[in-house]
Amino acid sequence: MLLVKDLVEEFNLKIWGGNPGLENEIPSFDLSRPGLEIAGYFSHYSSDRVQVLGMKEISFFERVLSDREREDRAKRLCRKETPCIIVTRSQQPPLELIEACNQTNTVLLITEDNTTNFTSRITTYLEKELAPETNMHGVLVDVYGIGVMITGESGIGKSETALELVKNGHRLVADDNVEIKEVNKNVLMGSAPELIQHLLEIRGLGIINVMTLFGAGCILSEKRIMLNVHLENWTDNNTYDRLGLEDEKIKILNSEVTKKVIPIRPGRSLAGIIEVAAMNHRLNQMGHNAAHEFNDRLNAKIKSNGGS
């Protein structure tokens with residue numbers, strides 16, 4: 001839950017009125033620029049959003065509206081569900097707006113930023129803080145710039161594989177419990193809960209601190225999840241993808257992530273396989289797919305032999 005006081009702390013905003021409303025919840029990451037509303041058109045007023053007033057809105061409010069209109073518009077802007085009103089460029093808020101905010105506990109805030117810059121910053125912040133989120137059991141590691149989410153049954157070796165990757169110079173994001181936020185369509189950001197940041201649980205050793213053992217360069221606070229590597233015990237009855245033509249996906253929240261199932265067998269280097277999987281995923285994103293290239297060669301060869 002995001003509160004108005006969190007905005008005040010994050011953006012160093014000055015409070016000009018409606019102080020009791022600092023505990024107001026911000027339900028939406030969308031902003032409102034109520035220019036039409038100040039002009040008198042409230043039919044589609046998004047009153048539950050953060051309201052941002054720039055130089056144009058304040059100028060119109062003070063220079064065009066009559067005393068009675070200013071009082072009326074200020075009262076109609078400040079509703080019970082309105083979390084806060086933010087005035088940019090350190091402008092002096094109109095007296096009618098200050099009074100209306102105090103009466104309705106709508107927090108009135110001031111920022112030194114210009115409207116364009118502040119709108120961009122606060123939109124990015126709200127989209128991240130209010131993004132849909134979930135938790136997944138697994139390990140998140142940054143491998144060659146690719147965020148790899150390692151999943152599998154408990155005890156299958158996810159943390160041990162992550163430790164080997166860290167020793168190879170890659171970076172740990174989270175072990176055991178990964179907090180995931182969907183900041184945009186198909187953009188999932190993973191991080192570790194504060195309690196277990198930088199920690200790995202290795203059966204037989206216990207809890208180890210990766211940053212203390214290997215240095216700050218081996219940890220990362222947040223990473224976009226781009227590939228899921230699912231570990232499972234090798235089963236002879238299962239048919240595993242040998243060419244890489246299958247494009248399997250895992251759905252997390254409303255987004256999809258490429259999934260690779262890696263069967264575990266004695267003698268297989270899981271860390272090495274995951275490193276290659278990450279590099280191959282990057283190549284695929286660049287338009288180079290070895291499986292498709294091989295398939296094209298094979299089809300061409302078959303066609304050539306059939307025609308001879």
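Modeller: Two strands pair if DSSP finds at least two bridges between them. The model is a predicted one.

Colleague: Over how many bridges do strand 14 and strand 16 pair?
Modeller: Strand 16 covers residues 255–264. Strand 14 and strand 16 pair in the parallel sense, and the number of bridges is seven.

Colleague: Which residue of strand 14 does methionine 149 stand opposite?
Modeller: Strand 8 (residues 146–152) pairs with strand 14 (residues 222–233) in the parallel sense, over six bridges. In strand 14, the residue opposite methionine 149 is asparagine 228.

Colleague: In which sense does strand 11 run to strand 14, parallel or antiparallel?
Modeller: Strand 11 spans residues 187–191 and is joined to strand 14 by three bridges. Glycine 190 has lysine 223 of strand 14 as its bridge partner. The sense of strand 11 and strand 14 is antiparallel.

Colleague: UniProt lists Gly155 under "binding site". Is glycine 155 buried or exposed?
Modeller: The unreviewed UniProt entry gives that label to Gly152, Glu153, Ser154, Gly155, Ile156, Gly157, Lys158 and Ser159. Glycine 155 is in the loop between strand 8 and helix 7 (158–167). The cut-off for exposed is over 50% relative accessible area. Because its relative accessibility is 54%, glycine 155 counts as exposed.

Colleague: How far is the backbone oxygen of glycine 152 from a polar atom of the lysine 158 side chain?
Modeller: Glycine 152 is among the residues in contact with lysine 158. From that backbone oxygen to a polar atom of the lysine 158 side chain is 3.2 Å.

Colleague: Within what arc do the buried residues of helix 3 fall?
Modeller: The buried residues of helix 3 (residues 55–63) are Glu57, Ile58 and Phe61. They line one face of the helix, because seen down its axis they fall within an arc of 95°.

Colleague: Which residues are exposed on the other side of helix 3?
Modeller: The buried residues pack against elements including helix 4 (67–77) and helix 5 (95–104). On the other side of helix 3, the exposed residues are Lys56 and Arg63.

Colleague: How far apart do the C-alpha centres of domain 1 and domain 2 lie?
Modeller: The chain is divided into domain 1 (4–130) and domain 2 (133–295). The distance between their C-alpha centres is 43 Å.

Notes:
Residues are numbered from 1 along each chain as its sequence is written. This is a predicted model: local features need pLDDT of at least 70, side-chain atom pairs count only at pLDDT 80 or more; totals for chains, interfaces and linings use all residues. Side-chain values use heavy atoms; hydrogens and water are left out. Helices (H or I, at least four residues) and strands (E, at least two) are DSSP runs, numbered from the N terminus. UniProt positions are given in the numbering used here, feature names are shortened, and annotations may be inferred rather than shown by experiment. Buried means under 20% relative accessible area, exposed over 50%, partly exposed in between (1.4 Å probe, protein chains only). Contact means heavy atoms within 4.5 Å. A polar contact is a pair of N or O atoms within 3.5 Å; within protein, one must be able to donate a hydrogen and the other to accept it, and residues adjacent in sequence count only if both atoms are side-chain atoms. Domain bounds come from an automatic or database domain assignment. The arc is that of the directions from the helix axis to the C-beta atoms. Lists of a residue's contacts leave out its neighbours within four places in sequence.
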